[in-house]
Structures are given as structure tokens and as C-alpha cells.
Amino acid sequence: MATLTFHGAARQVTGSCYLVETARSRVLVECGLFQGPPEIDARNARPFAFAPRDLDAVVLTHAHLDHSGLVPRLRREGFRGRVYATPPALELLAIMLKDAAHIHEKDAEWENRKRERAGDPPIAPLYTLQDAEDALTLGEPLVYGQRAGITNDVEICFRDAGHILGSAIVELWVDDNGARRKIVFSGDLGNRTAPLLRDPEVVREADVLLLESTYGDRDHRPLPATLEEFAGILAHAARDGGNVLIPAFAVGRTQDLLYYLGEFYHAGQLPQTQVFLDSPMAIAATEIHQRYTQVFNREARAALRRNGNSAREFLPPLRFVHTVEESMALNRVTGGAIIIAGSGMCSGGRIRHHLKWNLWREAAHVVMVGFQAQGTPGRALVDGARKLRLLGEELAVKAHIHTLGGFSAHAGQTDLVKWAVHFEPRPQLYLVHGELDKMQALQARLKTAHDWEAQIPIEGQTIRL
Ligand SMILES: [Zn+2]
């Protein structure tokens, strides 16, 4: 009897992890980090609910850590099978896992200094750089549309999910005593207005469907209005002579922004003459994007052909900032540069130093382009804080703070439903990867508009396939 067990992203957004078991094999789809406040974070160190050495293969939909970030721990605890993902997803995974390992090592080092002073025994990091590197040797690339047997009785095929570079919808077939069953994992589905990637590929057949529901309750602000507002902010900042700071995630959002800025440039709408990308990780991710333009959508490929394939040809004012010294030199830049740096919620990374040098200036502008979690400096700014404590200093907030809502990398409610209703006949439907209220909103919409009953599984729940 083949089964599927929900081990994560059940009634929450992070920790994606689903175990498919047949008579002869065990395949884990996703092995994500739990991300959030300390009680959620703590779950990353809990023992796995299955034995890593008993797994035959791991399948990853994309490189985001909430889908992939526990693979190094899985490897360390005995997993020796292959990790299947698309080629660009594996390249992005390398930079994401090594960066995550570095952060875990630093966190443990910091904690252990405290523990030493208190006479407590030291703790080990969640995983080390070596663990990440070991895990990366297990990577097995599989291109979109290529069907592959990954165990004796499990086959998979990746379809473009259009969420971040290399992201996939997974079609998975199990052969259970002669009966074939097909499960589709939506992964994270992209926003159809995103500038570089293709729309999520339509899939029509499944017995069981797992559908993400990050934005199950609403649609995003339309992109044209967002771009118009963005251009307006850049013009305003140029008139004031202030810098524009954009805290951004290294993978996905940053490359979208560079593309929009390139379009502004070619339309004569970019008044700034200097754009700094101040993040080694974002630079590495941008270089990976440049090598995979064949998976971009038609409009983006045409625009790149017209104006230059690399980010720096496409956006001539762009400068890559690699070293800390170069980054510090930006403190002296005044008179209107654009600085893109991580982290996206201002809780770490070089953006904090730029905030320190600009937040108290009335001419400066800070543009928030991504979700800001509760308790982060980014959220405090969005919520209108007049003072912000950062890098051990209290800063007056005099800069203009803007929030741009139309750049999401996720499908909104309408597009989630539109994608799902291509399945005929309707499969058994399970909502995952969302907060409970978002899932309930999506469940209600599917019921009223399409008379389709969606289940909301709980963590640890097992279903028969
Ligand atoms: Zn994602």
C-alpha cells in the first residue's frame, strides 16, 4: 500500500517535507528548514520522523531553504541517495546551503561564547559547511520535461513552476502492486507577472494534488501600478539628491529588480547613474541567472537579445560590490545612488550599514519590496517607527519609507485556482505551505466557485495513495 505523510508545511509556510512510501521504496519530496520565531526555529534540531538512511531518494522543487535547507542534516544522519532537482536549482542550492551553513556555524560560535562564560557545555551548529558540501555531492540534475525512474517503482518529471530560477512542479508516479497512482506537488507556484520566468506550466492529470497556499486569501496589487510607483520614487529621490536603499533577497527578487531597472534605463526613466549590487550572494545568483536565460520567458529573452545578455550590459549603471572595503566606500556616496543589498528584512547583511548611513537623512528613500516578518527591523520601518536600533546604535528615521506590494514571487489566490482547475477529473486535493487562515480562504473559494472539497492536512498525517 503506497502512502504519503505530511512532515512539514502543514498549516504553516515553512518546513516543506513529504514522505512517499511504497512496498519497495521511500522518497522524500522536499526537506525544508522551519523558519520563524525561536519556537519554530527549534524544530530544525528535532529528530527526523523517519530514518534518513532508509530513504532512497530526495526530490527538491526549488532551492529556497524552506524547501531544501535540512538536506545537509539528512546527509550527516545517514542519507546516501541522490538529490534530484533541475540544473539551475542545484546551482542555486550550492550558494544557499553554504550560506546557511555559515550562518549556523556563526550562530553556534556566538552561543558557545555565552555558554562558556556561564559554564555550560557547548552546542554543535545545526550543520557545518562540510555537511553542506557533502550534501551537494548527492545532487542529480534533471531538466524540465525529462521523465526519470528514481527508484524501482517511483518515476518523476519536473515542470516549470515559474517561482524562482529552476523551480519545479513535481509529477510523481508510484507503482503499487501493479496499480499506478500519480501525485502532483505544485511546489511554490510563480506569479504570472514576474518579469523573467515563464508562467507555471499547466498539468492536467493527477490522482492526488498538493497545492501551495501562501497567498490563498488574496491577489497581489497589479504590477503596472507597482512599477509606476517605483519609477515615481526614483524620480523623487533624484530630485532630492538622496540615495535609494532596497533591501532584497539575493535570489529572485534581486534579479527581477535589476531587470526592471534595466527597462527603466532603456525607456529613459532611470535618473540615477549608479546602481550598486552590494551582496556577494546576490552577485553569484545573478551570474547563475545569466547562464540560464534559455528558461526565461519570451519577452525577457527578446529584451536581453536587444539590450545585452548580462545584467551589466542590460543595466549599464550597475556595479557589483564584492568586498567589505568596497561596501564601506559606499558610505561616502551621496547625491543619489541606488543600493541593493541583503538581507531582505534588514535583520542581517550589508543593508544595515547602508541604513546606518542613510536612515537619518531626509533626502534618502528606503524601498521595501518583499514580505517583512514581525520583529524584524524591516517590519519596524514599514510600521512607521521613528527610531530604529541597528548595529548597537539608535537611529532617527527621517528617510522616506516605501512599500511596494506587486513584486511577489508567488501566485495570488485567483492564479492558484486557475492553475488547479486544469486538472480533470478533479484529484484529491490537499492544501499545504500556507498559514491556516489563508488555506481556509482558498478552501472556501474552491468550494463555492468549483464545488471542489480541499483537505487541510495536519502534520504527521498519512494518506493512502
Ligand atoms: Zn519558494
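I began with helices H4 and H8, which are roughly antiparallel to each other. The model I am reading is predicted. H4 covers residues 87-118, and H8 covers residues 280-291. I looked up their geometry: the packing angle is about 170°, and the axes are 10 Å apart. Roughly antiparallel applies to angles over 145 degrees, so the label follows.

Next I listed who makes this contact. From H4 come Glu91, Leu92, Ile95, Met96 and Asp99. From H8 come Met281, Ala284, Ala285, Ile288 and Arg291. I sorted them by class: seven are nonpolar, three are charged and none is polar.

**H8 again, now with H7**

I stayed on H8 and turned to H7, residues 253-266. Their axes come within 9 Å and cross at roughly 70°. The range for roughly perpendicular is 65 to 115 degrees, so H7 and H8 get that description. I noted the hand of the crossing as right-handed.

H7 brings Thr254, Gln255 and Leu258 to the contact. H8 answers with Ala282, Ala285, Thr286 and His289. The class count here is four polar, three nonpolar and no charged residues.

**H14 and H15**

I then moved to H14 (residues 413-420) and H15 (residues 436-450). They pack at about 55°, with axes 11 Å apart. That angle makes H14 oblique to H15. I recorded this crossing as right-handed too.

On the H14 side I found Gln413, Thr414, Leu416 and Val417. On the H15 side I found Ala441, Leu442, Arg445, Leu446 and His450. Five of these residues are nonpolar, three are polar and one is charged.

**Cores**

Which residues touch the most other members of the largest nonpolar core? I found Phe230 and Leu261, in a core of 78 residues.

I followed the contacts of Phe230, leaving out residues up to four places away in sequence. Phe230 touches Ile246, Leu257, Leu261, Phe264, Val367, Leu404 and Phe407. So its partner at the top of the core list, Leu261, is among the residues that Phe230 touches.

There is a second, separate core of 29 residues. I wrote down some of its members, including Ala168, Val170, Leu172 and Val432.

**Cis peptide bonds**

I checked omega next. Most peptide bonds are trans. Where are the cis bonds that I noted? One joins Gly342 and Ser343, with omega about 0°. Ser343 sits in the loop between strand E15 (338-341) and helix H12 (351-358).

Another cis bond joins Glu424 and Pro425, and its omega is about -10°. I placed Pro425 in the loop that runs between H14 and strand E20 (428-432).

**Positive phi**

Most residues other than glycine have a negative phi. I noted two residues with a positive value. Glu30 has phi near 75°. Leu391 has phi near 50°.

I located Glu30 in the loop between strand E3 (26-29) and helix H1 (38-41). Is Glu30 buried or exposed? Its relative accessible area is 3%, so Glu30 is buried.

Leu391 also lies in a loop, between strand E17 (387-390) and strand E18 (393-396). I looked up its accessibility: at 35%, Leu391 counts as partly exposed.

**Ala373**

My last stop was Ala373, in the loop between strand E16 (365-368) and helix H13 (377-382). Ala373 is partly exposed, because its relative accessible area is 22% and the buried class ends under 20%.

What does Ala373 touch, not counting residues up to four places away in sequence? I found Met345 and Arg379.

I also took a C-alpha separation, from Ala373 to Lys418. These residues are 45 apart along the chain, and their C-alpha atoms are separated by 28 Å.

Key. Residues are numbered from 1 along each chain as its sequence is written. This is a predicted model: local features need pLDDT of at least 70, side-chain atom pairs count only at pLDDT 80 or more; totals for chains, interfaces and linings use all residues. Side-chain values use heavy atoms; hydrogens and water are left out. Axes are lines fitted to C-alpha atoms, for helices over the stretch in contact, and angles run from 0 to 180 degrees between N-to-C directions. Helices (H or I, at least four residues) and strands (E, at least two) are DSSP runs, numbered from the N terminus. Angles under 35 degrees count as roughly parallel, over 145 as roughly antiparallel, 65 to 115 as roughly perpendicular and the rest as oblique. A crossing is left-handed if the near helix is turned anticlockwise from the far one by less than a right angle, and right-handed if clockwise. Contact means heavy atoms within 4.5 Å. Ala, Val, Leu, Ile, Met, Phe, Trp, Tyr, Cys and Pro count as nonpolar, Asp, Glu, Lys and Arg as charged, and the others, Gly among them, as polar. A nonpolar core is a set of buried Ala, Val, Leu, Ile, Met, Phe, Trp, Tyr and Cys residues joined through side-chain atoms within 4.5 Å. Buried means under 20% relative accessible area, exposed over 50%, partly exposed in between (1.4 Å probe, protein chains only).
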